[in-house]
Amino acid sequence: MSVTRENITVLGIETSCDETSAALLVRGSVASNVISSQLIHARYGGVVPELASRAHQRLIIQVVEEALAGAGVRKEDLGGIAATQGPGLVGALLVGLSFGKALAFGLGIPFTAVNHMEGHLYSVFLEDPSPAYPFVALIVSGGHTLLVHVKAPFTHVLLGETLDDAAGEAFDKVAKMLGLGYPGGAVIDRLASLGDPSAIAFPRSFPGESTLDFSFSGIKTSVLYFLRREGLGEPGAAKARAAGQRLADICASFQAAVVDVLVARALEAARRTGVRDIALAGGVSANSLLRRTLREEAGKRGLNVYTPRLEYCMDNGAMIAYVGSMRIARGMTSPFDVPPLARLRIAETVS
Ligand code: KG4
Ligand code: ZN
């Protein structure tokens, strides 16, 4: 293989929320991907920003060293460094971004700041086969729900986004109401597999006639009203009374409502844009029903679905290293004064 700037060795650092992660991309392949999940937030029922920043600070050196050692790469062999710029928690982002800049400065190598959502979007290219351009990407995470028309690398048109809660946020809030802990998406997924998805008719919300936007706060509220109506208690106390089959049915019915909406919107986006390939990424893309249903429904229409393995669905350094390598290859490096940004939209081109 010829040595191009795209296959230089890139260190990717991700600290936007509660995962401290670092990965090495060597000749376009992931050579290591270390993810340290901060378990401390579970006892607070959500991510506590100040605690996240402190944990990132405590962990960052160790995580980066493990990633280097795991890949058998020395710091001196690095060709570039990428770190997440946003969106995310500013204090958390600041840790990885500053660390990445300082290391790149010290080594005299290119540094590039990466949009976390672009990380999720391009994570499908960490797998083989990967989608062909143009394609549609459904990015579903704890903080975001986006549908993007990806015409070419870094040529995106935003087709739809959530008007209120993100899909993962709805999973987490419902899990909290049911007393299932935080984060609750994976727990609901597991319990749902034992339940009847048609037991309770939670609403499917499709806001707007012409848009491909999402709204998940209505589904979340109907779960709350359902629990009250059924005498299953107020948030937090519900689990004690909704147990066994009843609890599994609530999880399955809620999950089915969210998945129905996500799948319908993704298929409609593919229809409107005329693409054949759909990428599914972000933490919620780990959901087993979502993966299965989107594959089945897309297959019926002759469309292909690409989803990364679970390790690349959650927040991870590999996706940041990958986008970093794409950016560095295109000369899209960042100055050392680039700031962390709590809000950062996916780069959009005019359609
Ligand atoms: O992408 P991610 O790791 O972090 C953000 O950027 O937000 O996504 C985390 C979200 C959480 O809301 C979590 O509950 C959800 O992904 N999640 C799931 C599953 N695994 C993780 N949601 C539904 N089903 C799952 N199996
Ligand atoms: Zn994420």
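**Entry 1: D260 and its partner.** I began with D260, which counts as partly exposed at 36% relative accessibility (buried means under 20% relative accessible area, exposed over 50%, and partly exposed in between, with a 1.4 Å probe and protein chains only). I then found that D260 forms a salt bridge with R204, with the closest N and O atoms 2.9 Å apart (a salt bridge being a side-chain nitrogen of Lys or Arg within 4 Å of a carboxyl oxygen of Asp or Glu). Because D260 lies in helix α8 and R204 in the loop between α5 and α6 (217–229), the pair ties together parts that are 56 residues apart in sequence (helices, H or I of at least four residues, and strands, E of at least two, are DSSP runs numbered from the N terminus). R204 is itself partly exposed, at a relative accessible area of 32%.

**Entry 2: basis of the model.** I noted that this is a predicted model, in which local features need pLDDT of at least 70 and side-chain atom pairs count only at pLDDT 80 or more, while totals for chains, interfaces and linings use all residues. Residues are numbered from 1 along each chain as its sequence is written, chains are lettered from A and ligands numbered from 1 in the order in which they are written, and side-chain values use heavy atoms, with hydrogens and water left out.

**Entry 3: other salt bridges.** I looked up the total and found 13 salt bridges in the structure. E50 pairs with R54 at 2.9 Å between the closest N and O atoms, both residues lying in helix α1, four residues apart, about one turn of the helix, and E50 counts as partly exposed at 47% relative accessibility. E297 and R301 meet in a salt bridge of 3.2 Å, N to O; here E297 is buried, with a relative accessible area of 19%, whereas R301 counts as partly exposed at 43%. I also listed a network of salt bridges that links D165, E169, K173 and K220.

Entry 4: H116 and H120 both lie in helix α3 (residues 116–122), four residues apart, about one turn of the helix; H116 counts as buried at 5% relative accessibility, and H120 is buried at 0%.

**Entry 5: domains.** I recorded domain 1 (5–122 + 312–329) and domain 2 (133–307) from the domain assignment of the protein chain, bounds that come from an automatic or database assignment. Their centres, taken over C-alpha atoms, are separated by 27 Å, and 16 residues of domain 1 are in contact with 22 residues of domain 2.

How values were computed:
Contact means heavy atoms within 4.5 Å.
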